[in-house]
Every structure is written in structure tokens, then in C-alpha cells.
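I opened the model to look up its sheets, its aromatic pairs and its pockets. My entries follow in the order of looking.

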Amino acid sequence: MAGGSCLCRKVQYQILTELIEVTHCHCVTCRKAHASAFSSVAMIDVDEFSLMGEEHLSSYESSPGKHRYFCSSCGSQIYAKRDNKHYIVLRLGTLDEPIDNREKEHIWVSEKAHWYSLERSLPMKPEF
């Protein structure tokens, strides 16, 4: 189990199960929605997700039948949900607690940012 929140902490959640697989999505809509090279996500059954502060959520239909839910105060994207599906796609950047790293794959690499390289290993610094 792990929990998370938006930047202003008005929206908080608990995951009632163990995260199994982490996916990094490079599609254009994820890149633009997160203003980042990719979005790290995990699928979670809706019954295994407990949300607090739901009144602070807004949503945007980024493609037909796919809604992205974000905090209306700070803008942090929390999760996405497709119509008629019984799972959410949790945005792992909102986690407040560590999880075991279970990266599964990079998807939509055909749309990855041209300035980001999956092949190159960059220096890693603990702080700026």
C-alpha cells in the first residue's frame, strides 16, 4: 500500500493494493499534459483506490473516452480513466511514499520527445 497527493495536498489518495507494473508513456498527450519527456504510470482497479478531496478534482477529455483528472487548485494530474473501464491510470509522480521499482516498459516511443534519449546514460546527481 502507498499513498499520494497533489502539490497543494488538497487531493490525497491511498492505494489499497500493491503496484505491480510501472510503465513510462511517451505519447504526445502524456508529454503535453505533464510538460515532461514521459509520464510514469500504473494501472489500478478502481476498487483498490481511495480518494480524499475529490471535490477539488477537475477533468479534461484528452481523447475520446479518456478523462484526465487533476487538482483544480495546483494543477497536478492525479489519474486518468477511460469510459467503461474498471481501472484508473495513476500518475506516479504524485506518490508520497516509496514503492518497489517494478518498471515494465516504455510505450509510445514512436512519439517520444526528440530531445530525450532512451539509449544514453546521463550523470546522476543527488541534488541540483
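**Entry: the three-stranded sheet**

I started with an open sheet of 3 strands, in the order β1-β2-β5, with antiparallel pairing. I took strands (E, at least two residues) and helices (H or I, at least four) as DSSP runs, numbered from the N terminus. Two strands pair if DSSP finds at least two bridges between them. The edges are β1 (2–5) and β5, each pairing on one side only. From one strand to the next the twist averages 15°. For such angles, axes are lines fitted to C-alpha atoms, for helices over the stretch in contact, and the angles run from 0 to 180 degrees between N-to-C directions.

I then checked the β2 to β5 pairing and found 4 bridges, antiparallel. Q12 stands opposite M52 in β5.

**Entry: ground rules**

This is a predicted model, so I noted the limits: local features need pLDDT of at least 70, side-chain atom pairs count only at pLDDT 80 or more, and totals for chains, interfaces and linings use all residues. Residues are numbered from 1 along each chain as its sequence is written, and side-chain values use heavy atoms, with hydrogens and water left out.

**Entry: the seven-stranded sheet**

I moved to the other open sheet, where 7 strands run in the order β6-β7-β8-β9-β4-β3-β10 with mixed pairing. Which strands stand at the edges? They are β6 (57–63) and β10 (103–107); each has a single partner strand, so one side of each lacks a neighbour in the sheet. Neighbouring strands here are turned by 30° against each other on average, direction ignored.

I walked along the order from β6. It pairs with β7 (residues 66–71) in the antiparallel sense over 6 bridges. E61 stands opposite H67 in β7.

β7 pairs in turn with β8, antiparallel, over 5 bridges. Y69 has Y79 in β8 as its bridge partner. The hairpin of β7 and β8 has 5 residues between the strands, and G75 there takes a positive phi near 90°.

Next came β8 and β9, which run antiparallel and are joined by 2 bridges. A80 has V89 in β9 as its bridge partner. These strands form a hairpin with 4 residues between them, and N84 in the turn has a positive phi of about 65°.

**Entry: aromatic pairs**

I searched the whole structure and got 4 aromatic pairs. One of them joins Y13 and F49, tilted, at 5.3 Å centre to centre with 35° between the planes. Rings of Phe, Tyr and Trp (its six-membered ring) pair if their centres lie within 6.5 Å; planes under 30 degrees apart count as stacked, over 60 as edge-to-face and the rest as tilted. This pair links distant parts of the chain: Y13 lies in β2 (residues 12–15) and F49 in β5 (residues 49–52), 36 residues apart.

Are Y13 and F49 buried or exposed? Both are buried, meaning under 20% relative accessible area, with exposed over 50% and partly exposed in between (1.4 Å probe, protein chains only). I also noted one aromatic cluster, formed by Y13, F49, Y69 and Y79. Two members were already in my notes: Y69 and Y79 are bridge partners.

**Entry: the largest pocket**

How much space lies in the largest pocket? I read about 600 Å³. A pocket, on a 1 Å grid over the protein atoms alone, is an open set of points where a 1.4 Å probe fits, with protein on both sides within 12 Å along at least five of seven lines; in a cavity the probe cannot get out, and lining residues have an atom within 4 Å of a point. Grid points are joined across faces, edges and corners, and the volume is the space filled by probe spheres set on the points.

The lining has 29 residues, and T23, V41, M43, V89 and I107 are the closest to the centre. Two or more lining residues come from each of β3 (22–25), α1 (28–34), β4 (39–45), β8 (77–82), β9 (87–91) and β10. β4 gives the largest share, 5 residues.

I sorted the lining into 15 nonpolar, 4 polar and 10 charged residues. Ala, Val, Leu, Ile, Met, Phe, Trp, Tyr, Cys and Pro count as nonpolar, Asp, Glu, Lys and Arg as charged, and the others, Gly among them, as polar.

**Entry: two single residues**

I found H56 in the loop between β5 and β6. At 23% relative accessibility, H56 counts as partly exposed. H56 and S72 are 16 residues apart in sequence and 5.5 Å apart in space, C-alpha to C-alpha.

E111 sits in the segment after β10. Its relative accessibility is 28%, so E111 counts as partly exposed.
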